[in-house]
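This report looks at aromatic pairing and at one helix-helix contact. The structure is shown first.

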Amino acid sequence: MRFKKFAAVFLTAALTLSLGACQDKKKEGDTETTTATTTDSNLATEDATESTAAEAKSDVEQLHDGDEVVNLDFEDGDVDSFCEYMNGGKFKLSNEENQLVASIESCGGLDYANQAFWDGFKLVEGTVYTYSFDISSDITRKVEYRLQINSGDYHAYCSEKIDVGPEVLHFSTDFTMTEDSDPAPRIVFNMGKMEDMAEDPGPHKVYIDNIKLVVKDASNSIEMQGLPEYSRVNINQIGYKPEDEKIVFIKDQHNKVVYDVYNIDKDEVVMSGEAGDAHFDSETGDFVRQGDFSELETEGRYKIVAHIGDEKAESYEFKISNDIYNDVYKDLIKMLYKQRCGIKTDPNITGEKLSHDVCHDKVAKVYAEEEALDVSGGWHDAGDYGRYVVPGAKTVQDLLLSYELFGIDDDDMGIPESNNNIPDILDEAKYELDWMLKMQDKRTGGVYHKVTCAVFPETVIPEEETDDLIISPISAAATGDFAAVMAKASVIYKDYDPDFSAKAKEAAILAWKYLETTGDTKGFLNPSDIVTGEYKDAVTQDEIFFAAVELYIAGYDEIGLKIKDYYNFQVKNGLGWADIGTYAMYDLVRSDVSGLDDLKEELKQSMVKRANDLKERSNSDAYYNALQTDYPWGSNMVVACNGILYYMVYDLTDKSEYKELAKRQMDYLLGANNLGYCFVTGYGTLSPKHPHHRPSQVAKKAVSGMLVGGPDSGLEDSYAKAVLFGQPAAMCYADNEQTYSTNEVAIYWNSSFILLMSAFR
């Protein structure tokens with residue numbers, strides 16, 4: 001879905017990287033379009049939905065000739081707003097005599113090996129600009145200036161490699177913005193190795209000052225539009241089982257609101273109701289009413305038409321069916337197959353444009369050592385191609401619990417291993433477990449934290465990332481998580497693959513002995529010359545407790561009652577990759593290990609207290625979301641994990657209120673939210689079409705079955721800052737490839753939703 005004259009036009013792809021980015025890998029909380037109000041009660045066609053899906057608010061002021069869009073003179077001595085990006089080069093930015101100075105140590109091997117960049121302005125379609133700056137250098141060399149898109153192929157709207165030397169050059173050029181308006185472009189100066197450099201020129205400085213971007217002619221400017229008007233009537237767009245509780249959410253403050261449930265197939269109203277009182281939702285800034293249509297149990301296709309004063313507003317289409325979740329559930333799992341590394345994926349499974357060839361199959365070098373290892377396999381973690389043990393272990397745990405708790409034993413989900421008499425969910429988990437075994441140092445038992453290149457890749461398909469692979473050092477977090485899921489796997493795979501079961505248990509014990517003998521509890525930090533995701537975690541006691549619990553359940557009796565020694569105040573409730581303690585708590589409480597009744601009761605009460613705290617917040621929210629005004633990076637994962645916790649507590653207490661809240665988290669993710677988005681790509685009427693996911697970006701088509709990160713009130717990328725500033729917390733989302741903090745995907749976000757949906761499938 002694309003709206004040419006729309007500044008928040010949720011354009012194309014954000015990249016965590018390439019030609020520069022100031023950011024860490026994903027974060028998490030507690031643990032990159034919409035439909036217009038209509039007066040027509042007939043269901044809109046697909047084309048009509050596309051064209052009316054984002055009625056934009058015209059809230060961005062028009063440009064005028066002479067407007068200064070950028071004026072940077074560094075007179076205040078500050079250069080912090082400029083960022084440094086290095087890809088093989090080395091330099092540092094500073095302020096000397098009120099000018100920006102790049103002190104270059106080496107030029108590397110690429111023209112962008114040293115890059116200074118700045119965000120925080122807009123380029124408007126149809127506008128003529130004058131771009132100018134002063135520049136000089138200790139040596140004669142070329143420097144490339146660029147005004148560029150901040151994603152995708154990082155192409156330039158305006159660029160040139162210019163000759164600079166000791167004499168100050170006042171450079172000025174006029175250009176017309178001929179492409180769609182861009183609310184978050186980037187000013188770039190590339191100072192790496194240029195094509196005319198026979199060798200690295202060695203240390204030198206480049207001086208930049210008086211950077212200006214001025215509107216020369218705004219007569220043909222196309223007024224930038226603000227954010228869209230979102231749907232006023234929202235439901236779970238996938239639909240409901242006949243017996244499900246069914247709630248419609250209607251935005252309105254002043255009017256009495258009645259609504260009709262319309263059967264699309266029969267072309268008739270089958271039920272009517274009156275929405276409840278308006279509830280002010282601080283997370284969204286809207287007043288929201290609820291209507292209950294749970295008594296409708298007849299299978300079919302429906303929409304809801306709300307009568308709001310003299311207006312009508314429609315929901316998206318939804319279905320009622322006993323097997324309503326089957327397709328989306330399978331696709332959530334198949335997303336993991338599509339993320340497989342080291343193999344050629346099957347285009348019959350992924351789609352022709354989205355399959356990839358063998359990738360990342362070269363041996364990888366252990367950081368700061370001469371040793372090289374085969375660590376091929378596993379899943380690409382997210383929108384990039386790194387492979388990380390910590391989030392991988394969380395993903396595996398979710399899959400194993402889905403099988404163990406809910407009997408997910410389908411052997412026909414459409415992956416290559418289907419119909420092999422092993423549940424597909426276990427086949428998929430084993431693909432990652434086999435890779436994790438390669439990440440263990442067999443001498444010490446410690447587990448390497450990750451394998452990536454030194455920097456994030458550009459927007460390329462997996463086999464085109466060909467930089468050297470680097471295995472980052474061992475970490476306590478990776479080793480603890482590894483020991484836990486290997487121990488759990490040894491139990492679950494015992495009847496399906498006894499040899500693998502034994503191998504997994506042996507590896508888990510070896511990892512545990514590493515933790516015991518070294519006493520290592522330190523979190524992981526990237527080496528200075530690696531900029532890929534850290535997944536840093538300063539507190540690792542929860543990972544160690546997780547390992548102890550799963551090993552004891554798996555029959556490693558040497559831990560025995562000492563398991564109590566590994567539980568302390570630092571083992572927090574959590575189902576994310578950082579705070580992971582709830583997995584250990586839940587598995588121990590429901591286990592049959594003896595001699596730990598007091599600890600089990602303490603853990604159960606801790607989980608109940610956490611669920612009650614969340615329940616209180618959920619019940620005060622219009623959409624039953626516990627996040628209130630703090631939506632972290634990956635908020636959709638937190639919503640899913642809250643749902644998992646509610647269900648776990650329902651399982652331990654048999655109180656149905658927790659199960660109902662768990663289901664409402666699933667409804668939220670599938671469209672029953674203030675934005676009206678079904679946050680799973682390829683499903684529902686309105687779903688993300690431009691995720692921050694390199695294969696999708698290259699194919700210009702979103703891989704289906706991916707849960708995107710969702711609203712991030714921290715505004716943690718330049719696109720989000722430009723487009724979402726001032727929005728209420730729950731509204732800080734954009735379907736755009738540039739906004740990696742709201743629209744990236746990740747294996748452990750998908751697995752969280754897989755586990756939650758397993759409870760209701």
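## Aromatic pairs

In this predicted model, the count of aromatic pairs comes to 33. One of them joins F133 and F189, whose rings are arranged edge-to-face, with 5.1 Å from centre to centre and 90 degrees between the planes. Because F133 belongs to strand β7 (residues 128-137) and F189 to strand β11 (residues 186-190), this pair ties together parts that are 56 residues apart in sequence. F133 and F189 are both buried, and they also belong to one aromatic cluster that is formed with Y131, Y145 and F171.

## A tilted pair

The ring centres of F249 and Y623 lie 4.9 Å apart with their planes at 35 degrees, and the pair is therefore tilted. F249 sits in strand β16 (residues 247-251), whereas Y623 sits in the loop between α10 (597-619) and α11 (635-653), so that this pair ties together parts 374 residues apart in sequence. Both F249 and Y623 are buried.

## Helices α7 and α8

Two packed helices are described by the angle between their axes and by the distance between the axes. For helix α7 (residues 498-518) and helix α8 (residues 541-553), the axes come within 11 Å and cross at roughly 140 degrees, which makes α7 oblique to α8. The crossing of α7 and α8 is left-handed.

On the α7 side the contact is made by A508, I509, W512 and L515, and on the α8 side by I544, A547, A548 and L551. The residues of this contact between α7 and α8 divide into eight nonpolar, no polar and no charged.

Conventions:
Residues are numbered from 1 along each chain as its sequence is written. This is a predicted model: local features need pLDDT of at least 70, side-chain atom pairs count only at pLDDT 80 or more; totals for chains, interfaces and linings use all residues. Side-chain values use heavy atoms; hydrogens and water are left out. Axes are lines fitted to C-alpha atoms, for helices over the stretch in contact, and angles run from 0 to 180 degrees between N-to-C directions. Helices (H or I, at least four residues) and strands (E, at least two) are DSSP runs, numbered from the N terminus. Angles under 35 degrees count as roughly parallel, over 145 as roughly antiparallel, 65 to 115 as roughly perpendicular and the rest as oblique. A crossing is left-handed if the near helix is turned anticlockwise from the far one by less than a right angle, and right-handed if clockwise. Contact means heavy atoms within 4.5 Å. Ala, Val, Leu, Ile, Met, Phe, Trp, Tyr, Cys and Pro count as nonpolar, Asp, Glu, Lys and Arg as charged, and the others, Gly among them, as polar. Rings of Phe, Tyr and Trp (its six-membered ring) pair if their centres lie within 6.5 Å; planes under 30 degrees apart count as stacked, over 60 as edge-to-face and the rest as tilted. Buried means under 20% relative accessible area, exposed over 50%, partly exposed in between (1.4 Å probe, protein chains only).
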